[in-house]
Amino acid sequence: MKTTARVVVIGGGVVGCSVLYHLTKKGWSDVMLIERDQLTSGSTWHAAGGFHTLNGDPNVAMLQSYTVSLYEELERISGQSCGMHKSPGIMLADTPERMEFLKMTVARGRYLGMETEIISVKEALNYFPFIEEKYFLGALLDPNEGHLDPSGTTYAYAKAARLGGATIEVQTKVESLEQKPDGTWRVITNKGVVECEHVVNAGGLWAREVGRMVGIELPVLAMEHMYLVTDDIPEVEAFNKSAGKEIGHVIDFGAESYLRQEGKGMVLGVYEQAGKPWSTKTTPWSFGQELLQPDLDRIAPSLEIAFKHFPTLENAGIKRVINGPFTFAPDGNPLVGPVQGRTNFWSACGVMAGFSQGGGVGLALSNWMVDGDPGFDIWGMDVARYGDWATRTYTNAKVRENYSRRFRIRFPNEELPAGRPLQTTSLYDTFIAQGAVMGDSWGMETPLWFAPSVAEAQDVVSFHRSNDFPHIKAECKAVREAVGVTEIANFAKYEITGPGAEAWLQSQMTNTLPKIGRLQLCPMLNHQGKIIGDFTIAKAADERFMMWGSSQAQVYHMRWFEQTLPKDGSVAITPYGMKLVGLSIAGPKSRELLQRLTDDDVSGEAFKFMDYREMEVATVRAMVNRVTYTGDLGYEIWVAPEYQRRLYESIMEAGADLGIKNFGMRALLCLRLEKNFGTWFREFRPIYGPFEAGLDRFVKLDKHEYIGKAAAIQEKADGPKKTRIFMVVDALDCDVMGDEPIWVDGKVVGWVTSGGYGHYVDQSLAQGYIPTECFKPDMTLEIEILGERRPAHLQMDPPFDPEAKRMRM
Ligand SMILES: Cc1cc2nc3c(=O)[nH]c(=O)nc-3n(C[C@H](O)[C@H](O)[C@H](O)COP(=O)(O)OP(=O)(O)OC[C@H]3O[C@@H](n4cnc5c(N)ncnc54)[C@H](O)[C@@H]3O)c2cc1C
């Protein structure tokens with residue numbers, strides 16, 4: 001066995017083999033895969049082998065599309081058959097909501113170039129002849145689906161990787177991992193030690209165990225999954241003969257089932273409600289190529305519906321039942337990328353659909369390792385999207401929930417209950433008692449909106465405007481006309497200190513840093529000049545800065561900062577997490593309110609827009625930012641958690657005669673929309689340049705040096721390829737949610753990033769990107785909402801306070 005390699009990939013399932021192949025494709029040939037047993041010995045060998053391109057996250061869908069397109073190349077290079085059966089797939093809707101979901105899915109696929117379309121139930125019979133028509137309303141047709149041979153495909157990846165110079169050691173178990181002081185690794189196996197620069201965890205069913213070797217607990221859990229293979233069904237053969245093709249794939253939401261042809265019979269797999277986790281704490285190393293005991297009772301409720309929907313199958317004999325485990329992350333998407341706090345340790349696990357996603361995971365990870373960037377927007381799969389709050393038992397609750405919802409719709413206003421409440425602030429009960437509907441923000445409970453009573457505090461989930469509408473409107477009105485208070489504890493907060501703090505921070509940010517006592521909005525770019533963060537930074541003192549950003553991106557950002565911090569210890573960055581919490585007061589009466597709570601002078605002259613000050617508020621030591629995301633006069637007040645209740649009660653008491661009202665996250669997002677403020681992960685993502693995103697004011701090209709500056713200069717010189725636009729939509733009772741296609745002069749050219757109803761300005765609003773070459777002030781704009789193209793028009797200025805006087809009052 002080789003004793004050194006540039007990369008060691010642990011795990012020879014479809015994912016590990018794909019990573020290995022893609023590394024060789026990128027030109028890294030000194031790469032090695034170590035497999036404890038034989039290739040495919042984890043969950044790979046017993047997969048049903050189905051593949052498809054559809055995914056709720058368009059960026060993940062794109063990578064799935066890449067995976068599907070890869071198989072021909074793989075067969076050509078390796079000479080090994082993947083056993084491909086390409087056959088169209090249909091998704092069947094049995095309720096109006098599921099029909100709306102399908103229309104939305106087709107629309108979202110448009111700008112990705114997907115060829116999906118809505119067809120009638122009659123047309124669906126051309127692909128799947130067993131449908132009992134009366135149960136269905138329509139279907140989505142996806143021509144790019146099929147199934148393959150899981151083992152053949154994995155061996156094809158492996159062979160192609162070997163041809164590219166990779167080595168593969170089977171029957172070799174990685175026992176432990178040791179990191180050397182220089183950041184390289186010692187991979188200790190039962191057959192000796194391999195020294196390498198990078199380790200990739202593609203341990204599949206054992207990904208947790210491999211993670212534990214480096215002291216981390218990855219949020220993955222295996223679930224048992226069953227599918228049946230029927231005996232031959234005469235109608236299958238008859239269809240094949242008469243139609244001259246195979247029976248297509250089917251997803252039946254109502255029966256929570258997928259079906260496809262296998263030989264002259266059918267495969268029927270189920271994502272049942274009573275899903276069962278497997279090996280909840282540790283995966284036994286002794287588990288090999290074996291199956292689990294089938295339990296047909298567990299899937300009986302789904303089978304009953306499936307047999308009603310497809311009666312021909314009811315009388316078919318069952319040839320075999322496969323029950324095998326495979327892993328999921330809490331949201332069902334893979335965990336990919338460098339692991340924060342572990343140099344050169346990479347994750348390629350939690351891949352629940354290895355044959356739809358494995359190629360994309362290999363491509364993204366190999367790009368990341370070789371070029372330092374995944375090359376796509378892979379936030380939906382990034383291992384950094386979870387924090388250490390995603391514990392083993394939290395993961396268990398969420399994975400079970402996700403499994404049972406595999407074929408369920410998630411409505412835009414739908415919060416999922418499993419594992420909650422997890423993190424709460426001291427105001428949780430107070431908010432609940434006032435009718436708050438809470439949402440999950442990176443594991444933290446955050447008020448979304450306030451109902452008039454506790455009994456009414458529930459979302460009626462829908463794609464359309466719902467029961468929260470009038471209440472959010474009232475919250476927005478209170479902010480715009482008097483004063484509102486909202487909890488902002490869920491922001492990410494950091495303190496940066498040390499003699500090197502200023503120089504380092506400046507080298508990260510496109511904007512110049514603020515002077516002492518001032519705030520500055522600072523975007524951050526990667527080396528390719530794409531936006532990877534946007535922060536509010538305060539200079540608190542010499543060698544001390546406070547910084548606020550997106551909570552969801554805290555691990556993502558800390559991973560980046562760890563890579564760029566000077567090694568000499570001259571800078572320390574401390575993420576505060578929930579050790580610092582906050583309330584924002586906003587609205588024309590917010591200054592009067594703040595003045596009632598402090599003996600500091602907070603008049604407009606003494607405490608200006610974008611000032612930062614440490615002061616006592618309601619007898620509590622606080623950091624106060626004169627800024628708010630609502631675009632009004634307002635303040636963010638940050639305190640230690642033990643004081644938050646005191647602060648809140650004082651605010652409510654002092655604000656009572658000013659008309660103070662609670663407002664939640666949904667009102668906040670609506671108010672920012674009326675100002676056309678962008679938000680992280682929607683308008684600002686690593687696929688956009690700063691000029692494309694309209695951040696020109698915050699990007700200095702002639703002052704200091706920072707990461708991504710050369711690329712930013714280039715973007716400016718060439719002209720941004722995309723343009724962020726703001727639109728007023730002629731919507732009916734359904735506003736945009738994000739990811740809808742934008743039609744310009746009758747062609748789909750762009751997509752919506754976010755939007756909703758602007759309650760104060762009484763307009764349906766949307767933000768999105770289109771190619772700059774399509775941008776014309778008089779262009780005809782339409783946005784496809786739930787399958788209907790609605791007229792929209794360009795809005796150049798924010799509809800609320802276009803001259804930005806309110807913030808500066
Ligand atoms: C019943 C069933 C049906 C399925 N149907 C489909 C389907 O239709 N379509 C689809 O896309 N997916 C399907 N899947 C899921 C699919 O099987 C997985 O997505 C895929 O196998 C994940 O591959 P992997 O490489 O991540 O993990 P695994 O296949 O589990 O591979 C991990 C490998 O790592 C090795 N390993 C772990 N630790 C070590 C160590 N310390 N040292 C050395 N080696 C180690 C293991 O031996 C194993 O071979 C199905 C799964 C099941 C169970």
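Q: At what angle do α5 and α9 pack, and how far apart are their axes?
A: In this predicted model, the angle is about 10° and the axes are 12 Å apart. Angles under 35 degrees count as roughly parallel, so α5 and α9 are roughly parallel to each other.

Q: Which residues of α5 and α9 meet?
A: From α5, the residues are P150, T153, T154 and Y157; from α9, they are F355, G358 and G359. That contact divides into 3 nonpolar and 4 polar residues, with no charged ones.

Q: And α1 with α5, what is the crossing angle there?
A: Roughly 25°, with the axes of α1 (residues 14-25) and α5 (residues 150-163) coming within 8 Å. The two helices are therefore roughly parallel to each other.

Q: Left-handed or right-handed crossing?
A: α1 passes α5 in a left-handed crossing.

Q: Which residues are in contact between α1 and α5?
A: V14, C17, S18, L20, Y21, H22 and T24 on the α1 side, and T154, Y157, A158, A160 and A161 on the α5 side. They split into 8 nonpolar and 4 polar, and none is charged. T154 and Y157 of α5 also take part in the contact with α9.

Q: Changing topic. How much space lies in the second largest pocket?
A: About 860 Å³. The lining has 36 residues, and P338, W368, G372, W560 and Q563 are the closest to the pocket centre.

Q: Which elements give two or more residues to that lining?
A: α9 (354-371) and α14 (554-564). The largest share comes from α14, with 6 residues.

Q: How does the lining of that pocket divide into nonpolar, polar and charged?
A: It has 15 nonpolar, 12 polar and 9 charged residues.

Q: Backbone next. Where is there a cis peptide bond?
A: Between R420 and P421, with omega at about -10°. P421 is in the loop between α10 (392-404) and α11 (428-433).

Q: Which residue has a positive phi although it is not a glycine?
A: M610, at about 70°. M610 sits in the loop between α15 (590-597) and β30 (612-617).

Q: Why list those two?
A: Because most residues other than glycine have a negative phi, and most peptide bonds are trans.

Terms used
Residues numbered from 1 in each chain as written. Predicted model: local features only at pLDDT ≥ 70, side-chain atom pairs only at ≥ 80, totals over all residues. Heavy atoms only, no water. Axes fitted to C-alpha atoms, helices over the stretch in contact; angles between N-to-C directions. Helix = DSSP H or I, 4+ residues; strand = E, 2+ residues; numbered from the N terminus. Parallel < 35°, antiparallel > 145°, perpendicular 65-115°, else oblique. Left-handed = near helix turned anticlockwise from the far one by under 90°. Contact = heavy atoms within 4.5 Å. Nonpolar A, V, L, I, M, F, W, Y, C, P; charged D, E, K, R; others polar. 1 Å grid on protein atoms, 1.4 Å probe; cavity = no way out; pocket = protein on both sides within 12 Å on 5 of 7 lines; lining within 4 Å. Points joined across faces, edges and corners; volume = space filled by probe spheres on them.
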